[in-house]
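Me: I have a structure to go through with you. Keep the answers brisk, and end each one on what I asked for.

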Amino acid sequence: MNTRMADPEDAENIARLVNAAFRPERFFIDADRTSPEKVRALLQKGKFLLAEEVGALAGCVYVETRGERGYFGLLAVDPALQRSGLGSRLVAAAEKYCRAADCHFMDLTIVNLRRDLPAFYHRLGYMESGTLPFPADQHPSQPCHLVIMSKPLT
Ligand SMILES: CC(C)(COP(=O)(O)OP(=O)(O)OC[C@H]1O[C@@H](n2cnc3c(N)ncnc32)[C@H](O)[C@@H]1OP(=O)(O)O)[C@@H](O)C(=O)NCCC(=O)NCCS
């Protein structure tokens, strides 16, 4: 498995992968998670780290530095390749990137309705550190909010 930084030309493939991986969220938000346009906009603010297997996109994570804090999101692994350690390796790569940029903490958000995710992030050293309102431009089918999870980068 090779990892590399995405170029704007990768936006279509990233959006396809993210939308396939995030299909389990359709029970509360019946829309694509992202689009090539939104990926290109994120590439103006941060980076996408890509994991590729023989030229095909297997996983990705968006990472951004915000002063002494790093943030990652849109962590996505091809559904056929999940549960083989790739998601954890992408989190480690995002942490390495932020450590190299002198960040001391890493943050991410999850939707409180995703009962499966806290255990995954606890195992990687993250703890709940706050909440945020769900983005106003999205329209979930039931009340929900974001949970912030954080970890010191030592
Ligand atoms: C979350 C995600 C990135 C994890 O990637 P992964 O490569 O499957 O994760 P890893 O193989 O590194 O870790 C697997 C462990 O995480 C947990 N886990 C991962 N996905 C899980 C799921 N959907 N349900 C329950 N546990 C899950 C399990 O404990 C699993 O260990 P096990 O197989 O021994 O039980 C991947 O499932 C994914 O793309 N999900 C859809 C998108 C998403 O929810 N992204 C995160 C949003 S914040």
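Me: Is glycine 85 buried, partly exposed or exposed?
Reply: This is a predicted model. Glycine 85 sits in the loop between S4 and H3. Its relative accessible area is 31%. Buried needs under 20% and exposed needs over 50%, so glycine 85 is partly exposed.

Me: What distance separates the C-alpha atoms of glycine 85 and arginine 4?
Reply: Along the chain the two residues are 81 residues apart.

Me: Which residues come nearest to the ligand?
Reply: The ligand has 20 residues around it. By class, ten are nonpolar, six polar and four charged. Those that come nearest are Leu75, Arg83, Gly85, Gly87 and Ser88.

Me: Which element gives the most to the shell around the ligand?
Reply: Strand S4 (69-77), helix H3 (86-100), strand S5 (105-111) and helix H4 (117-123) each supply at least two residues. One of them gives four residues, the most. That element is H4.

Me: A backbone N or O atom of arginine 83 lies how many Å from an oxygen atom of the ligand?
Reply: Glutamine 82 places a polar side-chain atom 3.3 Å from a ligand oxygen atom. Aspartate 116 has a side-chain N or O atom 3.4 Å from a ligand nitrogen atom. For the backbone atom of arginine 83 and a ligand oxygen, the distance is 2.6 Å.

Me: What share of the ligand's exposed area does the protein bury?
Reply: Taken alone, the ligand exposes 890 Å². Of that area, the protein buries 78%.

Me: Why are the buried residues of H2 on the same side of the helix, and what arc do they cover?
Reply: In H2 (residues 36-45), the buried residues are Pro36, Val39 and Leu42. They lie on the same side because the arc they cover around the axis is only 115°.

Me: Which residues are exposed on the other side of H2?
Reply: The buried residues of H2 pack against helix H1 (11-21), strand S2 (47-53), strand S3 (56-66) and S4. On the other side, the exposed residues are Glu37, Gln44 and Lys45.

Me: Is threonine 34 buried or exposed?
Reply: Threonine 34 lies in the loop between H1 and H2. Leaving out residues up to four places away in sequence, threonine 34 touches Ala15, Val18, Asn19 and Val39. Its relative accessible area is 6%. The cut-off is under 20%, so threonine 34 is buried.

Note on methods
Residues numbered from 1 in each chain as written. Predicted model: local features only at pLDDT ≥ 70, side-chain atom pairs only at ≥ 80, totals over all residues. Heavy atoms only, no water. Near = heavy atom within 4 Å. Polar contact = N/O pair within 3.5 Å; in protein donor to acceptor, adjacent residues only side chain to side chain. Areas by Shrake-Rupley, 256 points an atom, 1.4 Å probe, with all protein chains shown as cover. Nonpolar A, V, L, I, M, F, W, Y, C, P; charged D, E, K, R; others polar. Buried < 20%, exposed > 50% of the residue type's maximum accessible area, 1.4 Å probe, protein only. Arc of directions from axis to C-beta. Contact = heavy atoms within 4.5 Å.
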